[in-house]
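Take a look at the sequence and the structure below. The text that follows leads through its helices, rings and pockets.

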Amino acid sequence: VSKSIAVALQKGGTGKTTTVATLAHALAMAGFNILAVDLDPQGNLALAFGLDPAPGLYRLLIDKRTPRDCMVRARPNLDLIPGDRSTARAKEQITSALRREECLMRAIKPLLGQYDFIFFDCAPSLDILNIAALVSSDWVIMPVEMSYLATVGLAQHIETLQELQDLGYHCQLKMVIPTFCDKVTRESREILGQLREHLGDLVARPIPRSVRLREAPAHYKTIWEHAPESAGALAYQDSVKRLLRGQQR
Ligand SMILES: Nc1ncnc2c1ncn2[C@@H]1O[C@H](COP(=O)(O)OP(=O)(O)OP(=O)(O)O)[C@@H](O)[C@H]1O
Ligand SMILES: [Mg+2]
């Protein structure tokens, strides 16, 4: 049974795309069949795999092409539905559709048996595509940068999730990944302490601020290809393990 996972946070630049590329590739290397979908007009997810942004999501949602026609193979066991600027147009055009928040769910339905995990890389907002991602997902992962504004974004997103659950959608908060952690700063330590106090075991191992993670896309590589022994890569292994708890190959 496939698990679909939205990686989302309203605040920009908190590590969403990096997290999708890193987790998706780790699971693909472990032998799982993975689909990653870019919902952000920035098209960064393709770049995180060293590929070009392309109108994959637009073709899927607006041109109603088959999912196969909209994807590229990013790595062994890993397919990508890329995005680009056309995603912004797609967003405008679906606002008039009936039950528009379910457009993504309808579009990926034929794929559900074919993948073990489907990841949605959300844009930094709470727009219709991100609501659609939450509605189509079993789990949501929120990468939270260690700043006050990111924690506000987290609280807002948890509220939205609650509202969707009240409407009968089943998406659950699977984990919060603290990102851009500086061991030395008081801000990082305080925010981490607060997250653990409020969310307990949902808080994954913190990802350090890491040049290796930042530069990997410039080498057309994920962190597992660029610097698998780096502190950032090792920290992400905890998030991978958490996703696999209770899952069977
Ligand atoms: N742990 C980290 N340490 C250092 N740099 C990082 C780390 N994680 C991500 N980065 C870099 O920070 C920038 C923002 O990360 P990323 O694109 O993953 O965030 P995002 O949440 O997807 O952003 P957006 O909200 O714009 O979609 C990128 O340049 C990325 O390479
Ligand atoms: Mg992003």
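**A walk through the predicted model**

Phe117 has a relative accessible area of 0%, so this residue is buried. Buried means under 20% relative accessible area, exposed means over 50%, and partly exposed is in between, with a 1.4 Å probe and protein chains only. This is a predicted model, in which local features need pLDDT of at least 70, side-chain atom pairs count only at pLDDT 80 or more, and totals for chains, interfaces and linings use all residues. Residues are numbered from 1 along each chain as its sequence is written, chains are lettered from A and ligands numbered from 1 in the order in which they are written, and side-chain values use heavy atoms, with hydrogens and water left out.

Phe117 has a ring partner, Phe32. A search of the whole structure finds one aromatic pair. The ring centres of Phe32 and Phe117 are 5.6 Å apart and their planes meet at 70°, so the pair is edge-to-face. Rings of Phe, Tyr and Trp (its six-membered ring) pair if their centres lie within 6.5 Å; planes under 30 degrees apart count as stacked, over 60 as edge-to-face and the rest as tilted. Phe32 is in the loop between H1 and strand E2 (34-38), and Phe117 is in strand E5 (residues 117-121), so the pair ties together parts that are 85 residues apart in sequence. Helices (H or I, at least four residues) and strands (E, at least two) are DSSP runs, numbered from the N terminus. Phe32 also counts as buried, at 6% relative accessibility.

Two other rings carry a charge. The charged end of Arg89 sits over the ring of Tyr58, 4.8 Å from its centre. Lys174 lies over the face of Trp139, at 4.0 Å from the ring centre. A charge sits over a ring if NZ of Lys or CZ of Arg is within 6 Å of the ring centre and within 35 degrees of the ring normal.

Now turn to H1. Of its 14 residues, 12 are buried, so H1 is largely enclosed by the rest of the structure. The buried ones include Lys16, Val20, Leu23 and Leu27. After H1 comes Gly31, with a positive phi near 100°.

Where does H1 matter for the pockets? The largest share of the lining of the largest pocket, five residues, comes from H1. This pocket has a volume of about 650 Å³. Of its 31 lining residues, the closest to the centre are Gly15, Thr17, Thr18, Phe180 and Leu213. A pocket is an open set of points on a 1 Å grid over the protein atoms alone, where a 1.4 Å probe fits, with protein on both sides within 12 Å along at least five of seven lines; lining residues have an atom within 4 Å of a point. Grid points are joined across faces, edges and corners, and a volume is the space filled by probe spheres set on the points.

Phe180 is found in the loop between strand E7 (172-179) and H9. Its phi is near 55°, a positive value in a residue other than glycine. Phe180 counts as partly exposed, at 30% relative accessibility.

The second largest pocket has a volume of about 250 Å³. H9 gives the largest share of its lining, three residues.
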